[in-house]
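The sequence and structure come first.

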Amino acid sequence: MTTVPPSTMAPNEKSLDQQRRGALRGGVFGYYVDQFDIFLPIITLAPAMSYFNGAGTSPETAALFSSLIFISTLVARPLGAAVFGNFADKTGRRLTTLIAIGGFGVATLLMALLPGYATMGHFGLFALIALRFIGGFFLGGEYSIAIPLAMEWSPKERRGPLSGMITSMASVANVTLALITFVLLSIMPAAGPESAYAVWGWRIPFVAGAVLAFCLFLYYRNNVHDTPDFETAEKSESPFKALFAGVHRRSLVQIFILMTGMWILSNLSNAVLTGRLKADAHIPDQTVSLIMSIAPLVTAGCFIAAGFISQKVGRRTFYRWYAVLIIVVAPVMYVLAMTVGVTNIPLAAVLAVLVQVSSLCVFAPVGAYLSERFPSSIRASGYGVGYSLAVILPAFYEFYIKALGNIMPDRFAVASLICLAGVLVWIGATMGPETKDVNLADDASFTV
């Protein structure tokens with residue numbers, strides 16, 4: 001293919017090229033900001049929860065409030081994905097994305113201004129839960145639209161690597177927040193509800209999250225546009241209804257199975273692995289923090305490679321073979337990491353990194369694959385609901401581990417769930433067609 005020098009490119013062609021680059025960069029930047037805001041309360045608030053709970057709050061009540069913070073966004077994200085996805089399919093991606101970005105940016109800023117227990121009792125905590133729900137609602141809408149929009153602008157031969165680059169931002173955001181929190185806690189230790197970190201230190205990352213959302217809003221307003229194909233495409237009167245009651249319902253079921261397995265892997269390879277390295281492998285907290293900062297960075301690089309591989313071999317083939325890798329390799333690496341533990345920390349660290357790489361890189365082509373599974377008229381709805389609705393069942397992973405723990409050691413219970421997740425990924429991939437050559441602008445090319 002002959003490349004036309006920029007100086008000889010026609011004005012309309014240059015404009016389209018600029019819009020393409022703008023949408024792709026927006027997808028990468030947007031996913032980073034999404035994940036930054038999603039992880040904010042999980043990483044930065046944990047050391048400061050005494051500020052909201054107060055000294056007289058029982059451990060049971062404090063645990064309940066913590067779970068409500070988690071559950072509120074868990075419920076809100078699928079709702080936001082459904083609502084915003086429906087509007088995006090009917091009215092356009094860009095405007096709906098701007099509304100979603102503005103919504104979660106404001107919610108994040110308001111969280112940074114909340115009072116503590118000493119000022120207004122548990123009001124601050126209730127407000128935090130409510131704002132977490134609102135922020136999750138808008139976040140669910142943003143990533144349900146921005147990623148399909150980036151894929152619609154992407155040349156089909158580059159969708160896999162670009163999808164890997166976008167989804168790698170989850171690991172980068174996680175590490176960013178972990179490092180910010182580590183620095184803040186080093187400067188101002190969280191020593192009770194009156195400590196500097198508990199009173200105001202945790203607010204700094206929240207303000208940073210709001211600023212990032214504001215920058216993302218400006219970027220989308222100035223640089224991102226709907227594709228010409230979408231603007232001229234036929235729109236569905238009710239994308240949500242077409243998704244659940246139409247011929248694409250089977251695609252949604254298939255995606256739900258695939259994503260359920262992937263979200264189980266996400267929970268086990270992040271929260272469970274971190275906790276068990278401390279509790280079961282008896283590795284010191286600071287060492288675990290270092291391990292879990294290195295592992296996402298390695299994984300982020302592997303995301304791009306995995307996306308490239310999916311472009312070469314096909315999405316369906318990639319998922320089926322990666323599911324085999326998950327079933328065979330990831331559980332063994334996990335059990336070995338727990339067994340080696342504190343007796344050989346460098347080896348345990350390498351094994352923990354391998355657990356993440358062999359589990360989480362399955363997410364690399366998800367942005368491309370979910371966009372390729374649904375036609376333009378319901379793409380944002382299908383992407384958002386398929387991606388977010390599957391979060392709910394895996395969220396109760398601790399109950400599943402506890403149930404399995406009644407009949408086997410904890411490490412084997414976790415390993416068994418990893419195997420189950422791999423099986424679900426294989427089933428979900430097998431149920432679907434190959435999609436890497438789908439023309440996203442041609443609704444007739446989609447297979448249900």
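## Burial and overall dimensions

Of the 448 residues of the protein, 54% count as buried. The model is predicted, and every value in this report was computed from it. The accessible surface of the protein is about 18,300 Å², and carbon and sulfur atoms hold 69% of that surface.

The protein has 21 helices and zero strands. Its radius of gyration is 22 Å, close to the 22 Å that the globule rule gives for 448 residues, so the protein is as compact as a globular protein of that length. The C-alpha trace spans about 65 × 50 × 45 Å along the principal axes. Among contacts with a sequence separation of 6 or more, 85% involve residues 24 or more positions apart.

## Helix 3 against helix 4

Helix 3 covers residues 59-91 and helix 4 covers residues 93-112. Their axes cross at roughly 150° and come within 7 Å of each other. Because angles over 145 degrees count as roughly antiparallel, helix 3 is roughly antiparallel to helix 4.

On the helix 3 side, the contact is made by Phe84, Phe87, Ala88, Asp89 and Thr91. They meet Arg93, Thr96, Ile99 and Ala100 of helix 4. Sorted by class, this contact contains five nonpolar, two polar and two charged residues.

## Helix 15 against helix 16

What is the angle between helix 15 and helix 16? Helix 15 (residues 315-328) and helix 16 (residues 330-340) pack at about 25°, and their axes are 3 Å apart. Angles under 35 degrees count as roughly parallel, and the two helices are therefore roughly parallel to each other.

The residues in contact are Leu325, Ile326, Ile327 and Val328 from helix 15, and Ala330, Pro331 and Val332 from helix 16. By class, the contact has seven nonpolar residues, no polar residues and no charged residues.

Tyr319 is located in helix 15. Its relative accessible area is 0%, so Tyr319 is buried. Leaving out residues up to four places away in sequence, Tyr319 touches Leu258, Met262, Val362, Pro365, Val366, Tyr369, Val425 and Ala429. Pro331 lies 12 residues from Tyr319 along the chain, and the C-alpha atoms of the two are separated by 17 Å.

Glu152 belongs to helix 6, which comprises residues 123-153. Is Glu152 buried or exposed? Buried means under 20% relative accessible area; Glu152 has 14% and is therefore buried. Apart from neighbours within four places in sequence, Glu152 is in contact with Arg93, Thr227, Ser376, Arg379 and Leu440. Of these, Arg93 also takes part in the contact of helix 4 with helix 3.

His282 sits in the loop between helix 13 (249-279) and helix 14 (285-313). His282 is not a glycine, yet it has a positive phi of about 60°. Its relative accessibility is 54%, and His282 counts as exposed, since the cut-off for that class is over 50%. Not counting residues up to four places away in sequence, His282 touches Leu277 and Val342. His282 and Ile345 are 63 residues apart in sequence, with a C-alpha to C-alpha distance of 9.8 Å.

Glu194 is placed in another loop, the one between helix 8 (169-187) and helix 9 (196-201). With a relative accessible area of 65%, Glu194 is exposed. Between Glu194 and Tyr51 there are 143 residues of sequence separation, but their C-alpha atoms are 7.3 Å apart in space.

Ala118 lies in helix 5, residues 117-120. Ala118 has 73% relative accessibility and counts as exposed. How far apart in space are Ala118 and Gly105, C-alpha to C-alpha? The distance between Ala118 and Gly105 is 27 Å, for a separation of 13 residues in sequence.

Notes: Residues numbered from 1 in each chain as written. Predicted model: local features only at pLDDT ≥ 70, side-chain atom pairs only at ≥ 80, totals over all residues. Heavy atoms only, no water. Helix = DSSP H or I, 4+ residues; strand = E, 2+ residues; numbered from the N terminus. Buried < 20%, exposed > 50% of the residue type's maximum accessible area, 1.4 Å probe, protein only. Axes fitted to C-alpha atoms, helices over the stretch in contact; angles between N-to-C directions. Parallel < 35°, antiparallel > 145°, perpendicular 65-115°, else oblique. Contact = heavy atoms within 4.5 Å. Nonpolar A, V, L, I, M, F, W, Y, C, P; charged D, E, K, R; others polar. Rg over C-alpha atoms; globule rule 2.2 N^0.38 Å. Areas by Shrake-Rupley, 256 points an atom, 1.4 Å probe, with all protein chains shown as cover.
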